[in-house]
Amino acid sequence: MTAIESENGKKDPENVEKVTSYIRHLEKKIKEYEIDVNLLRNSITKVEFEVKSLRSEIERLSELPLLSGYIIDILDDINDRAIIESPPNSSFVVRISNRLKEEKIVPGLHVALNQRNYAVMEILPSNFNPFVRGMEIIDCPIDISYNDIGGLENQIQEVKEIIELPLKKPELFKKIGIEPPKGVLFYGLPGTGKTLLAKAVAHEANATFIKVVATELVQKFIGEGSQYVREIFSLARQKAPTILFIDELDAIGAIRMQDDTSGDREVNRTLMQLLSELDGFDQRGDIKFIGATNRADILDPALLRPGRFDRLVEFPIPNEKAREAIFKVHMRTLHFEENLEIKKLIALTKSATGSDIKGICTEAGMYAIRKNSEIISHEDFIKAIDKIMSKKKDDFPISDIFL
Ligand code: ATP
């Protein structure tokens with residue numbers, strides 16, 4: 001007797017119905033399981049993909065930094081090989097990575113190279129884009145003149161002779177037969193007006209102002225620094241007359257270390273390139289160099305030789321007279337109370353730099369705005385001095401004492 005037969009051996013319609021519905025139920029279950037299996041398969045594929053991309057990210061992150069170089073030639077007879085040049089002036093026959101199978105590799109291309117075997121790993125942008133590299137270029141006229149500088153009369157006089165006059169009247173030097181200096185080194189604490197004076201002299205000499213921060217020269221891709229120096233100098237030539245201002249010069253110009261790490265070697269190569277570019281310029285030419293540093297004492301003497309940054313101009317912390325002049329520059333556009341005691345402000349700002357004084361004027365204005373006042377009071381200035389000066393080392397809040 002089967003499940004659908006009754007006791008007399010005949011098919012029982014009720015049992016038939018039950019078994020059929022049970023079969024339908026099982027078929028439905030099978031379909032549901034099939035859907036579940038498909039969903040799980042999809043999830044497995046997704047997770048596998050994620051694992052793969054995380055693995056390749058880990059690989060990428062643990063890769064050594066890449067060197068930068070240039071393709072000199074492609075060796076057609078040998079598969080995936082090229083001749084590359086990597087600074088300083090060495091050429092190698094190397095492999096081209098499979099990653100670049102689809103790319104067109106041609107001579108002259110700027111590429112990134114594996115540090116161990118120099119294989120070509122990536123194609124780098126070869127177009128020089130100063131904005132990507134954090135450079136500042138101001139075509140004349142710049143909106144800053146000697147009148148915007150307080151208390152640096154001697155420094156202004158020096159740059160007039162060293163930079164401005166040779167740019168404006170090179171024939172004077174030729175007639176007399178002397179070579180004007182090519183470059184000058186500004187040294188002094190941050191905020192003492194080095195960049196300000198460099199911009200002002202560019203304005204007065206009607207020259208393009210190019211500012212480069214030396215720390216930017218030591219790039220992510222080892223080998224890039226010296227290439228960058230070449231590009232900057234070529235830009236300076238194109239835009240001449242030019243003042244090329246190299247800030248934080250100590251970042252590449254500190255006394256040379258042992259070539260311990262690839263980073264040290266990179267810094268030294270960048271410095272060597274800078275020196276050789278400086279040497280390639282005519283002293284009577286229309287490009288002048290201004291280096292700036294907070295640490296003249298640690299600079300490589302090679303930088304200070306004749307024909308390089310051979311004049312030194314110091315930017316000291318301003319004395320009383322200079323502080324008065326700087327306050328006057330920054331108060332020119334301010335609305336302040338008539339009986340303001342400037343002498344008191346000067347006395348309270350003993351170790352302030354020009355940049356601190358500018359900050360004090362702005363901050364005093366902010367205190368007046370907060371009170372809804374249209375005029376800056378003596379008290380606003382005192383509070384601003386308190387705020388700015390107490391941030392400086394070894395200073396203490398002074399408003400309680402002097403108000
Ligand atoms: P850093 O070493 O940090 O580059 P710096 O010496 O180049 O500093 P600047 O950038 O020239 O300093 O100064 C910052 C700001 O401070 C200037 O834009 C200017 O507003 C003000 N300042 C500094 N010195 C003077 C000054 N002698 N007269 C008027 N303003 C000044």
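A pocket here is an open set of points on a 1 Å grid over the protein atoms alone, with protein on both sides within 12 Å along at least five of seven lines. Its lining residues have an atom within 4 Å of a point. Grid points are joined across faces, edges and corners, and a volume is the space filled by probe spheres set on the points.

The model is predicted, so to speak of local features we need pLDDT of at least 70, side-chain atom pairs count only at pLDDT 80 or more, and totals for chains, interfaces and linings use all residues. Residues are numbered from 1 along each chain as its sequence is written, and side-chain values use heavy atoms, with hydrogens and water left out.

First, the overall chain. It has 13 helices and 11 strands; helices (H or I, at least four residues) and strands (E, at least two) are DSSP runs numbered from the N terminus. Of its 403 residues, 40% count as buried, meaning under 20% relative accessible area with a 1.4 Å probe, protein chains only. Take the contacts (heavy atoms within 4.5 Å) with a separation of 6 or more: 71% of them join residues 24 or more positions apart.

Two or more lining residues come from each of α2 (153–168), α4 (194–204), β9 (242–247), β10 (287–293), α9 (320–331) and α11 (354–370). Helix α9 gives the largest share, six residues. Domain 3 (136–315) and domain 4 (320–402) each supply at least three; those bounds come from an automatic or database domain assignment. By class, the lining has 13 nonpolar, 14 polar and nine charged residues. In this scheme Ala, Val, Leu, Ile, Met, Phe, Trp, Tyr, Cys and Pro are nonpolar, Asp, Glu, Lys and Arg are charged, and the others, Gly among them, are polar.

Lys 194 also belongs to the buried residues of α4, together with Leu 197, Ala 198, Lys 199, Ala 200, Val 201 and Ala 202. After α4 comes Asn 206, with a positive phi near 60 degrees.

Next, the packing. A nonpolar core is a set of buried Ala, Val, Leu, Ile, Met, Phe, Trp, Tyr and Cys residues joined through side-chain atoms within 4.5 Å. The largest has 28 residues, and Leu 244 and Leu 274 have the most contacts inside it. Helix α6 provides the largest share of this core, six residues. A separate core of 27 residues includes Val 159, Val 184, Ala 200 and Ile 290.

What does Leu 274 touch, leaving aside neighbours within four places in sequence? Its contacts are Val 229, Phe 233, Ile 246, Leu 249, Ile 252 and Leu 303.

There is one cavity of 30 Å³ or more, a cavity being a set of points where a 1.4 Å probe fits but cannot get out. The largest cavity holds about 40 Å³ of space. Leu 244 and Leu 274 are among the residues that line it. Helix α6 gives the most to that lining, three residues. By class, the lining has eight nonpolar, no polar and no charged residues.

Last, Gly 307, in the loop between β10 and β11 (309–315). Is Gly 307 buried or exposed? Gly 307 counts as buried because its relative accessibility is 8%. Its C-alpha atom is 7.2 Å from that of Gly 183, 124 residues apart along the chain.

Technical notes: Buried < 20%, exposed > 50% of the residue type's maximum accessible area, 1.4 Å probe, protein only.
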